[in-house]
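Please read these notes with the model open beside you.

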Amino acid sequence: MPDRSFLSWPFFEDRHREHAERLEAWCAANLPVAHGEGIEDVDAACRRLVKILGEGGWLKPTAVDPENPQKLDVRTLCITRETLARHDGLADFAFAMQGLGTGAISLFGTPEQREWLERTRRGEAISAFALSEPRSGSDVANMDMTAAWVGDEYVLSGEKTWISNGGIADIYCVFARTGEAPGARGISAFLVPADTPGLRIAERLETIAPHPLALLSFEEARLPATAMIGRPGEGFRIAMTVLDTFRPTVGAAALGFARRALDESFSRAQGRDLFGAPLFDLQMVQGHLADMALDVDAAALLVYRAAWAKDQGAARITREAAMAKLFATDRAQEVIDRAVQLHGGDGVRKGHVVESLYREIRALRIYEGASDVQKVVIARQLMGARDAGAVGS
Ligand SMILES: Cc1cc2nc3c(=O)[nH]c(=O)nc-3n(C[C@H](O)[C@H](O)[C@H](O)COP(=O)(O)OP(=O)(O)OC[C@H]3O[C@@H](n4cnc5c(N)ncnc54)[C@H](O)[C@@H]3O)c2cc1C
């Protein structure tokens, strides 16, 4: 049984605790969704997960309700991701992408654009976030893709890569250069339906933990002016605001993976006899378990601090979100590695829970800002705070 004492922390309200209870019961009854590792198997499993998550009402927190727009509740997003990740990495992925893919529409969309949210919140449409390009991953402001205004349309040309849900999404939130200014100030955001002529899935990408991923090609894909999300030249700010909101949730997913690894390790240490006694009786094993628990609790504190700060109305939580993502993902990698070690040969056996966690965690330290980038962000935030006199000399 996972440690859920964190739910009594003052970051949460009763509605969060009730949500966690109900979701736990739903996960126990519905997850994991079994699937093979081929692209078609994973696509089908993801579609099924979006459908059942939608039917269960679990996708509602991923986007604002167009009828009654309220702020996104980041604590609910984090609790949901942590819980889903503990049960099934692909379920967490399916949930997370419904939020990231529609985040720009929730935060900056017009009422017409928000009509899509009715469908994504019900699990009837799948969304994706298309920012990265072959030449600009970490260096987002250096993107090549263009959206030229021709006649009365935007014409999109270029490529987007590593796009989660690429190949199964119904809508893509795409960032492209509109040229109002050089660099970051000349980028805009667009809502692009998957059936837009000129948008093509150029390549499906396979990774160590299978998820739907693709390289998208835009060959003069034409969009009406109403496809733009926000104003011309606001795209970089929109992307960063969306990432700021969802970045703590990546930490929450890592936390879910780490908590599962810790639970599996405890069970293993209690159930496996070595040298005539349970593995748990070896003090070095206890030391591993203690270190793992410490990392899990510290990660939870950082993740839920960031989520709480956002929900309290902070305009930006750049430092808190970067710390949460960096610490939770890096430490989860370490926790899971220790879990593999404590499982011995079984830890690297294909199909074992800790073996799949070991593959699942790795990409979280790369996407939505690599760990190294988060360190740069934190250092710059500290410098900014010092300059503003917020940190003592
Ligand atoms: C599984 C997966 C899913 C993804 N899903 C999406 C998605 O849905 N949408 C989307 O738009 N993108 C997505 N991405 C892309 C992801 O955001 C990029 O891979 C990431 O931003 C890194 O870019 P890159 O791969 O081009 O690596 P690069 O930018 O080439 O960086 C390589 C490495 O250089 C180092 N580095 C980079 N910048 C700095 C710095 N400033 N200081 C110090 N070191 C640095 C880091 O170690 C980094 O990992 C996904 C990636 C993966 C792996």
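1. Basis. This is a predicted model, in which local features need pLDDT of at least 70 and side-chain atom pairs count only at pLDDT 80 or more, while totals for chains, interfaces and linings use all residues. Residues are numbered from 1 along each chain as its sequence is written, and side-chain values use heavy atoms, with hydrogens and water left out.

2. Cavity. The whole structure holds one cavity of 30 Å³ or more. A cavity here is a set of points on a 1 Å grid over the protein atoms alone where a 1.4 Å probe fits but cannot get out.

3. Lining. The residues lining the largest cavity are D3, R4, F6, L7, A20, I79, E82, T83, R86, R259 and Y304; a lining residue has an atom within 4 Å of a point. Helix α3 (residues 74-87) contributes the most, four residues; helices are DSSP runs (H or I, at least four residues) numbered from the N terminus. By class the lining has five nonpolar, one polar and five charged residues, where Ala, Val, Leu, Ile, Met, Phe, Trp, Tyr, Cys and Pro count as nonpolar, Asp, Glu, Lys and Arg as charged, and the others, Gly among them, as polar.

4. A pair in the lining. E82 and R259 both line the largest cavity, and their side chains form a salt bridge at 2.4 Å, N to O. E82 lies in helix α3 and R259 in helix α6 (residues 235-271), so this pair ties together parts that are 177 residues apart in sequence. A salt bridge is a side-chain nitrogen of Lys or Arg within 4 Å of a carboxyl oxygen of Asp or Glu. Both residues are buried (under 20% relative accessible area; exposed is over 50%, partly exposed in between, with a 1.4 Å probe and protein chains only).

5. Other salt bridges. The whole structure has 32 salt bridges. R75 and D73 are joined at 3.8 Å, N to O, and both are buried. A network of salt bridges links E13, R15, D73, R75 and D311.

Definitions and conventions:
On a 1 Å grid over the protein atoms alone, a cavity is a set of points where a 1.4 Å probe fits but cannot get out, and a pocket is an open set with protein on both sides within 12 Å along at least five of seven lines; lining residues have an atom within 4 Å of a point. Grid points are joined across faces, edges and corners, and a volume is the space filled by probe spheres set on the points. Helices (H or I, at least four residues) and strands (E, at least two) are DSSP runs, numbered from the N terminus.
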